[in-house]
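Hi,

Here is the structure I promised to pass on. Have a look at it first, and then read on for what turned up.

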Amino acid sequence: MSTAQPSAPSSRREQILKEAARLFAERGFHGVGVDEIGAAVGISGPGLYRHFAGKDAMLAELLVGISERLLDGGRMRVAEGGEDPEAVLNALIDGHIDFALDDRPLITVHDRELDRLREADRKRVRRLQRQYVELWVDVVRRVHPGPSESRARAAVHAVFGLLNSTPHLGRPGSLPGRTEMAELLHRLALGAFGAVAVEDGPGADGPGADGPDAEGALLASGRSDFR
């Protein structure tokens, strides 16, 4: 079980992004000024423009960046897991739990502010997220080969919803410690994927469930990876 702790930002640019995510999550994108982000990292508001063109650029880097990081991390875990699909699935779950516990503000920002991105950046986020989903679907179907692709995909989205509920679980201190919480989330995710293997009988997925309309419905909001 992963017990990695969140690492401190390694550069001023990362410090700015971390504080921007926190403030955007607390007060909304339009409720935060450049001067406030600067004050949070100890520089003047205008000084931020040496690092970013503005708040829009910060938001794009936050949401595109986390989508890229999740996909790259998922691909790395698949490559390192070799021919053991159960080990790969456990590694994927651990990696996403680290994100869900350590980057809670980003989950909130994604939910609220994705539609504020420029169209090109929004499409990029959604494309990266679809690739991340399909990475999981492939692994889940290797562990549980019986269910259809659409059933496995629905389970992946449901597990993301479970794991990404962390910003809404209560105030800090009202939850178990990080290690205990990570273990609980891991067991819940494995249980959800185990449930997908239970057959409900012929036609359980419904007519046309493997077709493009079913996939489109799962991805319609563009946000299911982070909530």
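One definition before the findings: a helix crossing is left-handed if the near helix is turned anticlockwise from the far one by less than a right angle, and right-handed if clockwise. Please also keep in mind that this is a predicted model.

With that in hand, take α3 and α4. In general, two packed helices are described by the angle between their axes and the distance between the axes. Here, the axes of α3 (residues 55–81) and α4 (residues 85–102) come within 9 Å and cross at roughly 155 degrees. Angles over 145 degrees count as roughly antiparallel, so α3 is roughly antiparallel to α4. As for handedness, α3 passes α4 in a right-handed crossing.

Which residues make this contact between α3 and α4? On the α3 side they are I66, L70, G74, R77, V78 and G81. From α4 come V88, A91, L92, G95, H96 and F99. By type, the residues of this contact divide into seven nonpolar, four polar and one charged.

Now the overall picture. The protein chain has nine helices and zero strands. Of its 227 residues, 44% are buried. Among contacts between residues at least 6 apart in sequence, 76% join residues at least 24 apart.

Helix α5 (residues 104–113) deserves a look of its own, as this helix is mostly covered, with seven of its ten residues buried. Those buried residues are L106, I107, T108, V109, H110, D111 and E113. They pack against α1 (12–27), α3, α4 and α6 (119–143).

In soluble globular proteins, nonpolar side chains tend to be buried together. The largest nonpolar core in this model holds 59 residues, and F24, I37, W136 and F193 touch the most other members. Two or more residues each come from α1, α2 (34–41), α3, α4, α5, α6, α7 (149–163) and α8 (178–196). Which helix gives the most to this core? That is α6, with ten residues.

Leaving aside residues up to four places away in sequence, F193 touches L89, I93, W136, V140, H144, A155, V156 and V159. One of these, W136, is also among the residues that touch the most other core members.

Happy browsing, and do write back with any questions.

Best wishes

Notes. Residues numbered from 1 in each chain as written. Predicted model: local features only at pLDDT ≥ 70, side-chain atom pairs only at ≥ 80, totals over all residues. Heavy atoms only, no water. Axes fitted to C-alpha atoms, helices over the stretch in contact; angles between N-to-C directions. Helix = DSSP H or I, 4+ residues; strand = E, 2+ residues; numbered from the N terminus. Parallel < 35°, antiparallel > 145°, perpendicular 65-115°, else oblique. Contact = heavy atoms within 4.5 Å. Nonpolar A, V, L, I, M, F, W, Y, C, P; charged D, E, K, R; others polar. Buried < 20%, exposed > 50% of the residue type's maximum accessible area, 1.4 Å probe, protein only. Core = buried A, V, L, I, M, F, W, Y, C linked by side-chain atoms within 4.5 Å.
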